[in-house]
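Keep the 3D view open as you read.

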Amino acid sequence: MYSVEAKKQAAHNDSIWSVAWQKSTRDNCDYVVTGSVDDRVKCWQWKGNDLVLRHTCEGHQLGVVSVGINHSGTVCASSSLDCFVRLWDLESGKQIKAINAGPAELWTLAFSPDGRFLASGSHTGKINLFGVESGQKETSIETRGKFIMSVAYSPDARLLASGAVDGQVNLFDMGTGRLLHTLTGHSMPVRSLAFSPDSKTLATASDDGYVKLYDVQNATLSSSISTHSSWVLGVQFHPDNLHFATCSSDKSVKVWDVSSKQCLHTFQEHSEQVWSIAFNDTGDKLCSVSDDGSALVYNLPLV
């Protein structure tokens, strides 16, 4: 049964723009990380069907745009309007590194599958790759495009996708850094990208109100779904490869069946636009965060 499992009102003092969820291989804790316009990163533990605050990570001087957790669930990264990437130890809540990305060189970020690199879009149209160990910008990939608002690695580590403010989506070969394909299906900013767990499908979410599913190998459009009544701000694949979820500025969260392209359920629990969503590793829970400052966890009857 679809239901609201937990609701953390006033999880932050301002809009929450990003959420990530990962189980730690070190201490076996289910960590949920949120990043807010209040400049703070908060680390929660999913425990006893509730979000329990473990750490409040302070250091950013401006709003937090994006958060991500490495695959092992031990390190969190946050990117901010202050142009810094900060790395945090999830178990202790301590800052590990602060990386000065430089003006206009930072936006949404993503860990590489092996946890060695962080990819981030930039206002200049480049994708910057930062070394997690070195704390330095290792290289940049030139997209020859505009402001890169979203990035995503394929789980098999072969590809990196980027979404731009003009609706353009690029696919890069991470072995060579070469541009493989440019996908031009959207007419407005692409704010979120997600690869399927088998790396065969790329989902893109845009301000044009559509989610598009692309066949990665052939770079062809498989489906175009008019999902919401306003901007689609986030998209995430379910771990089973058979479902995905979306969130929107229409204040809703939707769960979808990949094969039928049908909406299975709509959650309308937030009072403001919903910026980001994240599944847990088993796929029976989904977390959403919003401009209303709350974090919600839903129960999903999909597993």
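A salt bridge is a side-chain nitrogen of Lys or Arg within 4 Å of a carboxyl oxygen of Asp or Glu. Side chains of opposite charge can pair when their charged atoms come close. This is a predicted model, in which local features need pLDDT of at least 70 and side-chain atom pairs count only at pLDDT 80 or more, while totals for chains, interfaces and linings use all residues. Residues are numbered from 1 along each chain as its sequence is written, and side-chain values use heavy atoms, leaving out hydrogens and water.

The structure holds eight salt bridges. One of them joins arginine 191 and aspartate 207, with N and O 2.6 Å apart. This pair links distant parts of the chain: arginine 191 sits in strand β18 (residues 190-195), and aspartate 207 in the loop between β19 (201-206) and β20 (210-215), 16 residues apart. Strands here are DSSP runs (E, at least two residues), numbered from the N terminus. Aspartate 207 has a relative accessible area of 6%, so it is buried (under 20%, with exposed over 50% and partly exposed in between, using a 1.4 Å probe and protein chains only).

Now look for aspartate 89, which forms a salt bridge with arginine 26, their closest N and O atoms being 3.1 Å apart. Aspartate 89 lies in strand β8 (residues 84-89) and arginine 26 in the loop between β2 (16-23) and β3 (30-36), 63 residues apart. Aspartate 89 counts as buried because its relative accessibility is 16%, whereas arginine 26, at 43%, is partly exposed. Arg26 and Asp89 also belong to a network of salt bridges with Glu91.

Terms used. Helix = DSSP H or I, 4+ residues; strand = E, 2+ residues; numbered from the N terminus.
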